[in-house]
Every structure is written in C-alpha cells, then in structure tokens.
Amino acid sequence: MAKTTVTLASGREMPLVGFGLWKVPKTTAAETVYSAIKAGYRLFDGAYDYQNEKEAGEGIRRAISEGLVTREEIFITTKLWNNYHRREHAVDMAKKQNEAWGLGYIDLFLIHFPCALKYIDPEVRRYPAWWMDDNGTVEQDRVPIRETWEALEELVESGIARSIGVSNFQTQSLYDIQTYNRHPISSLQIEHHPYLVQPDLIKMAQEAGIVVTAYSSFGPQSFLELPPTFSKRANDIPLLFDADPVRALSAKYNVTPAQILLRWATQRNIAVIPKSNNPSRLAQNLDVLGFDLEVSEIESISNLDKGLRFNDPGFYLPNHPLRIFG
Ligand code: NAD
C-alpha cells in the first residue's frame, strides 16, 4: 500500500494529495469543500488571496459536525499575502485568517511570495491581489524576509500555526532562512509540472527535509481560464494532457492523463493539490497513489521540461514586473 502522507520537518504528517482552493468561487466553496471531504480529501490548500477561507472553513465545520471527520484528520494550509509581510501585520493577518477558517489552528502557514508589497488595510480594500488600485499600480515595501519568517515563528509559539513554510521561494532564500530560523521550514510550495521541473530546487529542499508541494500540476490548464496577461504563455503551448509520454502512459496504466501527471509528482514524494469543481475529476485526482511508474517513465515525463513558468509576476505585471524568479 502506497504512503498517503508525508512527514514535515516539524514532525507533523501532511496528506500527499490535497484539494486546491484557488478559483473556487466564494458562493460554492463551502459545498465544494464538504463534497471533497465526502470524496475522501483531507488536505485543503487555501490563501488569503483566494478569498474563500471563511467559506472553506464552513464546509469543513459542517463535515466535522456531521461526524464525517475530526479536526485532527483535516489538514489546512493557508498563506500570507504580500501586503502583510511586516511583523505586526503578519501576526494580525494570521489571527484573522485563523478566525475565518474557524477550526482552532492552521496546520501549515506559508509566506505566499518572497516579495513585500505596501500595506493595504484589508477593511478598506478587501481584495488587494498584486495591485494597490484599479490602475494596476504595484508598490514594493522594504521588509526583509527575516522579519516575516520570525513573525511566522511567533505563530507556531502561540499555537496559531502548527507548521510553517514558504511558497515561490528559490534556493538562495531557503539557504538564507536556514542561517537564522528557530523553527524548521516544513514545506516549500512551488509551481511544478513537466514544463517546469526545477530539479535542483527540489533536490535542495528534499535534502534539507523540506517537503515540496507542487501547484499547477497540470501546467497550462489552470491559466487558460485567466485574463490575457496571465494566460498568454498557456495559450502558446500544447496541453500537457496531450503530450506524448503522458498519453501513452495513461493508456498503459489505464488511468487518465491527469492521474499520470499527479503520480509523476507523488511518486517522488512531492505533495499535490489539484483543483477541480467537477465531482468525477475530484475523485480521480485523489486516486493517484495506487500505481507506480517505472523510473524511465518518470524521466520521460521530466524530459518535457522547458523551464516554462506560468505563475510569473515578472511577466504578468507589465506596469511593474517583479522578477522574483530571475
Ligand atoms: P491545477 O493544475 O490543479 O489545474 C486546475 C485546472 O485543471 C482546472 O481548469 C480544472 O478544471 C482542470 N482539471 C482538474 N482536474 C482535472 C482532471 N482530472 N482532468 C482534466 N482537467 C482537470 O491548477 P491550479 O489550481 O493552478 O493549482 C492547484 C492549486 O495549487 C490551487 O488551487 C492553489 O490551491 C495552489 N496554487 C498555489 C499557488 C501559489 O502561488 N502558492 C499558485 C497557484 C496555485
């Protein structure tokens, strides 16, 4: 029987397969999350940026109140948005996010991106995204990562977060955090699919005991539904579902191309958090631990690598590109 969880550097267990909440509408999030729990999901990947933490929490609380699961069986990941990197803002925001979920604590709290933007009062502008205003203005702030990381460590000490980590970081910043951290970097969440493999980043993280979580496992698919500045790169490239080794292996193992892409990651101990609003896809995305690819087959998928990144603020913020992956 394949392992269904992975051990974080904090010593806590995290499911290898979870459900991603980006673009799950606020109006249906509670129901979607409740149905996902019924389908067997235990890990939910949220963020302040996704604007559905309260509703996702409602879905989970309903499942708990009906006795489908206990709080301990559920694993919540959520993330700190870029405007809240200052110590006092990070702590305050995490408390607010924890209250929104309404589940007592957050299992894993991540810094969403390694870049600080100017503070925006969440009561004044509830959905800051990357921009300060409707003209697309982006304003950086001078907050070192160390200040934000140490705020996250306070969250562990006060019991708000059980484990902490980062997202969209590269090896240099991970090495840097390792020079002063008091609590381990439990997980690194990154864009990871066969068009963007990042083997050195993954090696470095895994060698340091940092669990890698892959997002956008289906590559271009998730970005096609976004406005033109975000979808351009995805429109210019064939879908991974149609790529040669993926199709052939899907026929060989009698699973869908999506399941091949997810197994390519989980077999290397990389957690996945696919998102779907469709019940049958939801079920198949969870069922990705029951077959093993051969090493040469994993390599044939990795050989599709093009270093092609879809979630790149150096590309989709034309007024003020943030070249964090440079
Ligand atoms: P994804 O790779 O999970 O793809 C989602 C797209 O694939 C949707 O269009 C969906 O309809 C389709 N899909 C889902 N299952 C399918 C199946 N079995 N067959 C065919 N199509 C299928 O993309 P994502 O939402 O970008 O990433 C997953 C999660 O990762 C997000 O929901 C979010 O939680 C997280 N994420 C994090 C960051 C970050 O910066 N940390 C960025 C992007 C996403």
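Predicted model: local features only at pLDDT ≥ 70, side-chain atom pairs only at ≥ 80, totals over all residues.

Reader: Where does Tyr 50 sit?

Author: Tyr 50 is in the loop between strand 4 (43-45) and helix 2 (53-65). UniProt, in an unreviewed entry, places the feature "active site" at Tyr 50.

Reader: Is Tyr 50 buried or exposed?

Author: The general idea is a cut-off: buried means under 20% relative accessible area. Tyr 50 has 14% relative accessibility, so this residue counts as buried.

Reader: One of those contacts was His 112. What does UniProt list for His 112?

Author: For His 112, the unreviewed UniProt entry lists "binding site". His 112 belongs to the loop between strand 6 (106-111) and helix 4. With 6% relative accessibility, His 112 counts as buried.

Reader: Okay, on to Trp 101. Where is Trp 101 placed?

Author: Trp 101 is in helix 3 (residues 87-101).

Reader: How do I see the way the chain folds back on itself here?

Author: Pick two residues that are separated along the chain and check the distance between their C-alpha atoms. Trp 101 and Gly 46 are 55 residues apart along the chain, and their C-alpha atoms are separated by 9.8 Å. Gly 46 is also among the contacts of Trp 101, which include Leu 21, Glu 53, Ile 60 and Thr 78.

Reader: And how do helix 3 and helix 4 cross?

Author: For a helix pair, look at the axes. Those of helix 3 and helix 4 (residues 145-157) come within 8 Å and cross at roughly 40 degrees. The two helices are therefore oblique to each other. Helix 3 passes helix 4 in a right-handed crossing.

Reader: Which residues meet there?

Author: From helix 3, Arg 87, Glu 88, Ala 90, Val 91 and Ala 94 meet Glu 147, Ala 151, Glu 154 and Leu 155 in helix 4. Sorted by kind, the residues of this contact are five nonpolar, no polar and four charged.

How values were computed
Residues numbered from 1 in each chain as written. Heavy atoms only, no water. UniProt positions renumbered as here; feature names shortened; annotations may be inferred. Helix = DSSP H or I, 4+ residues; strand = E, 2+ residues; numbered from the N terminus. Buried < 20%, exposed > 50% of the residue type's maximum accessible area, 1.4 Å probe, protein only. Contact = heavy atoms within 4.5 Å. Axes fitted to C-alpha atoms, helices over the stretch in contact; angles between N-to-C directions. Parallel < 35°, antiparallel > 145°, perpendicular 65-115°, else oblique. Left-handed = near helix turned anticlockwise from the far one by under 90°. Nonpolar A, V, L, I, M, F, W, Y, C, P; charged D, E, K, R; others polar. Lists of a residue's contacts leave out its neighbours within four places in sequence.
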